[in-house]
Each structure stands twice: as C-alpha cells, then as structure tokens.
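Here is a short report on one protein model.

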Amino acid sequence: MLDEESLVSAISDINSVHIIGAGLNKERTAHTAVGEISQRGWRVVPVHPRDAGATVSGSPIRSELEDGIELELVVLFLAPERAQKVVKKLLLKDLHHPPLIWYQPGAEDETSINWLEEAGWKVVYNDCIV
C-alpha cells in the first residue's frame, strides 16, 4: 500500500485511467466515476465486456484491456472474485511498466493484492479514487 506522498507522486504523471467495471448502469459508482475522473483532466477508458461499443460521458467503452496499450492506472470497480481474475490477467501480460492498480472499496481481494505486492507493483486499496 502506498503512503500519501508516494501516491501523489505516482499519479502526478498519469495521463490515462482505465476503469474496469464502468458500464451503462447509471446506478453504479463506476459509471459516475468516468465523468468525475475525466473532469480532473485524465483521459478515461471505461472497460465493461457487456456494454462495449457504447459510451459513458463521451468515452467509448472497451470490452477488455487491449494488448499493446500502455497502462498507467487501472481502477477496479469489481467484486473481489472478478478483481482477482483481472489482476491475474494483468500479471501475465507482457508490460513494459506495470500500472498502478487501484482497488475501489469493495473490490479488495487479499490474494491478488499479495500477488501484486510480491511482484513489486504499486497498489492502492482502502481508498476511493472519486
């Protein structure tokens, strides 16, 4: 877990935020987070397999994290079991630089957090990005 100073440093150079779980359901926090985060100046990439092709706050929804894209910050708005599956896929990707992984409250999964920390990835949990 990053302390506040390390977190500020880690996000200061970030341009793009991938929000996993951001779909068309306006009742979900992930949906409203897209607009809130984009208003803070970041490029937001919503990712939701069922709602891919539509848009949230003007941002096209992707079906998955695409290969060949440099990931900077990945925010997980998922149930813990789903978060674990996403983290497993991320750890298996051939990435030049690992992204910062942010677990929204309720997405935390101790196993996948341990995987990331053991791999030396930066992780945030018990904190809300919006």
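Lys 88 sits in helix α3, which covers residues 80-92. Helices here are DSSP runs (H or I, at least four residues), strands are E runs of at least two, and both are numbered from the N terminus. Lys 88 counts as partly exposed because its relative accessibility is 45%. The scale is simple: buried means under 20% relative accessible area, exposed means over 50%, and partly exposed lies in between (1.4 Å probe, protein chains only).

Patch residues have over 30% relative accessible area and no salt bridge, and like charges are joined within 9 Å. Lys and Arg count as positive, Asp and Glu as negative; His and the chain ends are not counted. Each charge is placed at NZ of Lys, CZ of Arg, CG of Asp or CD of Glu. Areas come from the Shrake-Rupley method with a 1.4 Å probe.

## How the model is read

This is a predicted model: local features need pLDDT of at least 70, side-chain atom pairs count only at pLDDT 80 or more, and totals for chains, interfaces and linings use all residues. Residues are numbered from 1 along each chain as its sequence is written, and side-chain values use heavy atoms, leaving out hydrogens and water.

## A negative patch

Asp 3, Glu 4, Glu 5 and Asp 127 form a negative surface patch. Asp 3 lies in the segment before α1. With 47% relative accessibility, Asp 3 counts as partly exposed.

## Two salt bridges

A salt bridge needs a side-chain nitrogen of Lys or Arg within 4 Å of a carboxyl oxygen of Asp or Glu. The count is two. In one, Asp 67 pairs with Lys 93, and the closest N and O atoms are 2.6 Å apart. Asp 67 is in the loop between β4 (59-60) and β5, and Lys 93 is in the loop between α3 and β6, so the pair ties together parts 26 residues apart in sequence. Asp 67 is exposed, at 69% relative accessibility. Lys 93 is partly exposed, at 22%.

Arg 62 bridges to Glu 66, with 3.2 Å between the closest N and O atoms.

## The nonpolar core

A nonpolar core is a set of buried Ala, Val, Leu, Ile, Met, Phe, Trp, Tyr and Cys residues joined through side-chain atoms within 4.5 Å. The largest one has 22 residues; Val 17, Ile 19, Ile 37, Leu 73 and Leu 100 have the most contacts inside it. At least two residues each come from α1 (4-12), β1 (16-20), α2 (29-39), β5 (73-76) and β6 (100-103). The most come from α2, which gives four.

How values were computed. Patch = residues over 30% accessible without salt bridge, like charges linked within 9 Å, V, L, I, M, F, W, Y side chains within 5 Å.
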